[in-house]
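Hello,

Here is the structure we discussed handing over. My notes on it follow below.

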Amino acid sequence: MKRTCFAATLVVAWSLTSALTFAADDALSEIKEAGVIKIGTTGDYKPFSYKAADGTLTGADIAMAKDLAADLGVKADFVTTTWKTMLDDFKAGKFDIALGGITVNAARDEVGDFSVPNVTDGKRPIARCEDKEKYTTLDAIDRPSVRVIVNPGGTNDKFAHEHFDEASIEVFPDNKTIFDQIASGRADVMVTDGVEVDLQSKLHASVLCPVAVKEPFTHFQNAYLLREDPALKAAVDTFMRKQLESGGWKEKLDAAMQ
């Protein structure tokens with residue numbers, strides 16, 4: 001009797017494992033069968049992903065997503081998420097891919113696969129131009145008189161709370177207008193991805209400037225977060241490599257840096 005129960009248990013366990021493995025490994029087939037790839041993006045992070053007031057999405061990664069969908073022979077369906085809810089939305093199956101300046105980290109890697117990276121970057125400060133020589137080190141920023149501002153739930157939020165004990169930290173809900181807070185004097189500095197520092201300095205010319213740090217405070221890569229499926233990863237990686245080697249990605253990023 002015990003042997004029979006044990007054997008039955010093994011069969012059930014094997015069946016469940018097989019079903020889970022099949023589900024995890026069949027993402028690309030499901031996408032192609034549906035004719036749609038669901039793409040999660042925050043729409044608040046220039047130059048990668050930005051949603052205008054009329055709902056139009058632009059940015060380098062948005063352009064990439066459309067080309068990827070065409071490469072796979074499906075339509076791109078964009079799903080709005082936030083930095084704070086992205087992982088929960090991804091785990092809930094709301095989208096097949098998340099993109100738009102997403103940093104590769106362990107927490108995200110645990111729930112999906114990362115594509116070949118398309119950006120290598122690091123955290124740097126941005127401040128009003130008159131203060132560009134003032135906040136050049138973590139110690140210079142971490143003072144009671146300094147007001148650090150961050151967007152909620154992303155790597156900027158995590159970085160600030162890990163490195164600043166003395167400075168005040170404001171978690172500002174709207175990443176689209178967060179740099180206006182610094183420009184208007186309601187905050188002093190933000191530590192964010194270098195590409196965003198360069199773009200926002202350009203968009204706020206003569207008002208906001210990159211802080212003159214010797215080197216970035218961190219080093220990281222951005223990539224696309226994918227449902228776990230070797231076939232999907234292989235397809236996205238092949239697409240990404242072609243874009244990187246042909247200059248297609250650089251053209252999209254350069255066009256978005258305006």
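**Notes on the model**

Ser206 counts as exposed because its relative accessibility is 74%, where exposed means over 50% relative accessible area, buried under 20% and partly exposed in between (1.4 Å probe, protein chains only). Ser206 lies in the loop between helix 9 (194-203) and strand 13 (208-210); helices (H or I, at least four residues) and strands (E, at least two) are DSSP runs, numbered from the N terminus. The phi of Ser206 is positive, near 70°.

This is a predicted model, in which local features need pLDDT of at least 70 and side-chain atom pairs count only at pLDDT 80 or more, while totals for chains, interfaces and linings use all residues. Residues are numbered from 1 along each chain as its sequence is written, and side-chain values use heavy atoms, with hydrogens and water left out.

The other backbone item is the peptide bond from Lys46 to Pro47, which is cis with omega near 10°. Pro47 sits in the loop between strand 2 (44-45) and strand 3 (49-51). Both items are listed because most residues other than glycine have a negative phi, and most peptide bonds are trans.

For the whole protein chain, there are eleven helices and 15 strands. The C-alpha trace spans about 75 × 45 × 35 Å along its principal axes, and 46% of the 258 residues count as buried. Of the contacts (heavy atoms within 4.5 Å) with a separation of 6 or more, 73% are between residues 24 or more positions apart.

Regards
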